[in-house]
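Me: I have just opened a structure that is new to me, and I'd like to go through it slowly. Could you take my questions one at a time?

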Amino acid sequence: MESFRGQALSWELKGGVVELALHREPNNELGSMALVEAEKFADSLGQLSRAAHALIIYSTIQSGFSAGADLRELYQRAQKLQRADAVRIVRDQLERAHRVMNAIDASPLTTIAAVHGIVFGGGFELALVCDLIIADKTARFCFPELRLGLIPGWGGIPRLKRDLGNAVVRDLLLTGRSFNANKVQQVGLASQVVAEGEALRVARATAVQLGKFDRHTAATAKKFIKPIPYEELRREIDLFCELFTHPAVEEGLRKFVESTDAQPYLP
């Protein structure tokens with residue numbers, strides 16, 4: 001389908017560019033509803049790719065691109081189930097999320113993440129599947145999963161290792177601290193840093209530039225320079241599920257859910 005309007009995300013094809021908007025208040029948490037709608041998008045990518053040359057992913061929410069996984073939903077589900085059943089459901093959701101991420105990663109379209117504000121956890125992982133990241137100066141990137149007793153589960157580690165040196169990967173994953181937009185550009189993740197509120201405009205201008213080139217050549221170059229680490233991605237799912245059985249995870253999720261902080265996902 002060329003357009004779709006959901007509760008968590010929407011997309012539209014216009015002028016050879018697909019625009020995928022995240023719009024779930026308050027912080028674009030990626031829960032079961034967002035995953036179902038993202039699967040619809042992944043299923044439509046083949047059709048969209050025949051009529052487009054670029055994809056832009058952005059957020060309409062003021063707080064930022066995405067705070068990542070819906071941890072409250074995850075905690076509530078885990079509380080209702082035996083541990084083995086909870087792990088089975090978590091594995092199923094991870095595998096579904098990976099299929100979506102891999103579909104975007106492997107798409108012949110040149111993909112652009114236009115980000116601002118919080119780009120955390122699963123939101124960071126969504127940005128990492130894109131070919132280009134254009135960040136406005138308010139953007140902050142972070143993997144806070146270790147304080148929950150977990151690792152990123154939507155492909156973050158293998159894709160970081162694909163794109164960055166190991167010292168930076170270890171810094172992001174083991175300290176849980178956030179990087180600002182300038183730091184992310186400095187280490188080679190963001191292709192451009194722009195003024196506040198300008199990321200989507202610059203992404204659209206970039207998409208126009210991309211349309212000047214032969215689509216087949218661009219798709220071939222992308223496939224050559226951006227291999228997908230499928231084996232490591234599968235291993236990441238196994239490690240996440242193994243860690244999910246540890247008591248530290250339940251305690252970390254409980255503290256998050258019970259926090260009175262306005263933004264408990266901040267490091």
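Me: Before anything else, what does "buried" mean here?

Reply: Buried means under 20% relative accessible area. Please also keep in mind that this is a predicted model.

Me: OK, so is Asn28 buried or exposed?

Reply: Asn28 has a relative accessible area of 2%, and because buried means under 20%, Asn28 counts as buried.

Me: Where is the place of Asn28, and what is its phi near?

Reply: Asn28 sits in the loop between S3 and S4, and its phi is near 50°, which is a positive value in a residue other than glycine.

Me: Which peptide bond is cis?

Reply: The bond from Glu25 to Pro26 is cis, with omega near 5°, and Pro26 lies in the loop between S3 and strand S4 (29–30).

Me: And His23, where is that found, and is it buried or exposed?

Reply: His23 is found in the loop between S3 and S4, and its relative accessibility is 12%, so His23 counts as buried.

Me: What does His23 touch, leaving out residues up to four places away in sequence?

Reply: With those left out, His23 touches Arg5, Gly6, Gln7, Ala8, Leu9, Ser10, Asn28, Thr60 and Ile61. As for Ser59, which is 36 residues apart from His23 along the chain, the C-alpha atoms of the two are separated by 6.1 Å.

Me: Changing topic to empty space: how would one look for that?

Reply: Rolling a probe the size of a water molecule over the atoms shows where empty space is left.

Me: How many cavities of 30 Å³ or more are there?

Reply: The count comes to 3 cavities of 30 Å³ or more, and the largest cavity holds about 170 Å³ of space.

Me: What lines the largest cavity?

Reply: Its lining is made of 14 residues, and those nearest the centre of the largest cavity are Leu9, Leu30, Ala38, Val100 and Leu126. Strand S3 (17–22), helix H1 (32–49) and helix H3 (83–106) are the elements that give two or more residues to this lining.

Me: What about the second largest cavity, what volume does it have and which residues line it?

Reply: The second largest cavity has a volume of about 50 Å³, and its lining consists of Leu74, Arg77, Ala78, Leu81, Ala86, Ile89, Val90, Gln93 and Phe244. Two or more of these residues come from each of helix H2 (71–80) and H3, and H3 gives the most, with 4 residues. By class, this lining divides into 7 nonpolar, 1 polar and 1 charged.

Me: Now pockets: how much space lies in the largest pocket, and what lines it?

Reply: About 530 Å³ of space lies in the largest pocket, which is lined by 34 residues, with Ala69, Asp70, Leu71, Leu74 and Leu148 nearest its centre. The elements giving two or more residues to the lining are H1, strand S7 (68–69), H2, H3, helix H4 (122–128) and helix H11 (247–258), and H2 supplies the largest share, 4 residues. The lining of the largest pocket has 18 nonpolar, 9 polar and 7 charged residues.

Me: Last one, what about the second largest pocket?

Reply: The second largest pocket holds about 360 Å³ of space, and it is lined by 18 residues, of which Cys130, Asp131, Leu132, Ile225 and Lys226 lie nearest its centre. Strand S10 (132–136), helix H5 (156–163) and helix H9 (215–225) each supply at least two residues of that lining, and the largest share, 4 residues, comes from H9. The lining of the second largest pocket divides into 10 nonpolar, 3 polar and 5 charged residues.

Key
Residues are numbered from 1 along each chain as its sequence is written. This is a predicted model: local features need pLDDT of at least 70, side-chain atom pairs count only at pLDDT 80 or more; totals for chains, interfaces and linings use all residues. Side-chain values use heavy atoms; hydrogens and water are left out. On a 1 Å grid over the protein atoms alone, a cavity is a set of points where a 1.4 Å probe fits but cannot get out, and a pocket is an open set with protein on both sides within 12 Å along at least five of seven lines; lining residues have an atom within 4 Å of a point. Grid points are joined across faces, edges and corners, and a volume is the space filled by probe spheres set on the points. Ala, Val, Leu, Ile, Met, Phe, Trp, Tyr, Cys and Pro count as nonpolar, Asp, Glu, Lys and Arg as charged, and the others, Gly among them, as polar. Buried means under 20% relative accessible area, exposed over 50%, partly exposed in between (1.4 Å probe, protein chains only). Contact means heavy atoms within 4.5 Å.
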